[in-house]
Amino acid sequence: MDIAYIPSPSHGVVHLGPIPLRGYAFCIIIGVFVAVWLGNKRWIARGGRPGTVADIAVWAVPFGLVGGRLYHVITDYELYFSDGRDWVDAFKVWQGGLGIWGAIALGAVGAWIGCRRRGIPLPAWADALAPGIVFAQAIGRWGNWFNQELYGKATDVPWALHITSATDGRVPGYYHPTFLYESLWCVGVGLLVIWADRRFTLGHGRAFALYVAAYCVGRGWIEYMRVDDAHHILGLRLNDWTAMVVFLLAVIYIVVSARLRPGREEVVEPDGDTPDGDAVALDKKADDKADDKADDKADSKADAEAAETTDTKSDAKKSDAKKPDAKKPDAKKLDAKTDTGSDEPAQSKEPVKPSESVKPSESEESVGSAKGEAESAKKV
């Protein structure tokens, strides 16, 4: 009886002349571009500068690829170093085999180096990139479909994956498409992080920690369905134990970080000269020049207004000087009054005491004596 199923590609590589184009590599590359594109948009929205995410990704991506491959080779060393195996295959990344745990761990080291060179906090950059990373994982999982690997238990569900390859111990048949389950789970985790980041204003690495915790939950039950060879500890696959430990660490980080550093970073990329921040320095210099020009124009305008005000005041003073002073007494009138002696003497500011008698002045005494002499002359 025929059942509905998901077909597997007949081959996972297409040769363009001598150049092999592998589906697994394409999925990884497309995932990286999506992560950088979305991370850049989120970084700018948080106040960062365009291009910063890409500059740091130049460090993070190579470290992540090396870390992912190292984790896979170490945990599945028998595939490369046991009898009948060629250890050179450990370097053939295009054949599949990247451990997400090692990719995130060593990729974080590369990101830390890039962030340190740019002078920005790593947790803020990780928060901006978190949804992009998990979307990149969703795309990258389709590389397992091209390689017909990492499928689950046999099943007859309508969405079963039809495996046709018999290499490396595979048994053709219909299996759970665990690559599809994980891809859909990663899409859900990415949407969850975006929603939670907007709803709760996550910062200081908590959005990234939420991504890690949510991914680990899905990876736990998906890993349990897989049938590929893996090391077991107490009946559980190694990746199950890794998922549980990483989940606990992520939850602890969220709780402790929320208490010690609540809220979100106000500044994620401060202005200033950095080793790789020539563009930032040029922008700042241009802004400073514009400010200087505006200040010079304002100063010139203020000086012109001040000069105009000074000229107006001086003209007013000159006009006032030309007018006769109404308060000043005329000099001729003063001389006439002095000659006739008709004006009364100015009053003293100090009041005159009653006991004191006002003595006649010398001029009045001389006038009196002159009048007496005239009268005595008439009598004679």
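**Strands, cores and one asparagine**

Modeller: Helices (H or I, at least four residues) and strands (E, at least two) are DSSP runs, numbered from the N terminus. This is a predicted model, where local features need pLDDT of at least 70 and side-chain atom pairs count only at pLDDT 80 or more, while totals for chains, interfaces and linings use all residues. Residues are numbered from 1 along each chain as its sequence is written, and side-chain values use heavy atoms, with hydrogens and water left out.

Colleague: Okay, what is Ile6 in contact with, leaving aside its neighbours within four places in sequence?

Modeller: Trp145, Trp159, Ala160, Leu161, His162, Pro177 and Leu180. Contact means heavy atoms within 4.5 Å. Ile6 and Leu161 are 155 residues apart in sequence, yet their C-alpha atoms are 4.7 Å apart in space.

Colleague: What is the strand order in the sheet?

Modeller: The order is 1-4-5, in an open sheet of three strands with mixed pairing. Strand 1 (5-7) and strand 5 (173-175) are the edges, each pairing on one side only. Two strands pair if DSSP finds at least two bridges between them.

Colleague: And which way do strand 1 and strand 4 run, parallel or antiparallel?

Modeller: Parallel, joined by three bridges. Tyr5 stands opposite Ala160 in strand 4. On the other pairing, strand 4 (residues 160-163) and strand 5 run antiparallel, also with three bridges, and there Leu161 is opposite Tyr175.

Colleague: Is strand 4 buried or exposed on its two faces?

Modeller: Buried on both: Ala160 and His162 on one side, Leu161 and Ile163 on the other. Buried means under 20% relative accessible area, exposed over 50%, and partly exposed in between (1.4 Å probe, protein chains only). In a regular strand the side chains alternate between the two faces of the sheet.

Colleague: How buried is Leu161, and what does it touch beyond four places in sequence?

Modeller: Leu161 has a relative accessible area of 2%. Its contacts include Ile6, Pro7, Ser8, Trp145, Tyr151 and Phe179. Its C-alpha is separated by 7.0 Å from that of Ser8, 153 residues apart along the chain.

Colleague: Switching to the cores. Which residues touch the most other members in the largest one?

Modeller: Trp43, Trp101, Trp125, Val193 and Tyr211, out of 35 residues in that core. Several helices each supply at least two residues, among them helix 2 (52-75), helix 4 (100-118) and helix 7 (178-200). A nonpolar core here is a set of buried Ala, Val, Leu, Ile, Met, Phe, Trp, Tyr and Cys residues joined through side-chain atoms within 4.5 Å. A second, separate core of eight residues includes Tyr151, Leu161, Ile163 and Tyr175.

Colleague: What does Val193 touch, not counting residues up to four places away?

Modeller: Ala130, Pro131, Ala207, Leu210 and Tyr211.

Colleague: Last one: where does Asn239 lie, and what polar contact does its side chain make?

Modeller: Asn239 lies in helix 9 (residues 238-260). Its side chain makes a polar contact with the side chain of Trp101 at 3.3 Å. A polar contact is a pair of N or O atoms within 3.5 Å; within protein, one must be able to donate a hydrogen and the other to accept it, and residues adjacent in sequence count only if both atoms are side-chain atoms. Asn239 is buried, because its relative accessible area is 15%.
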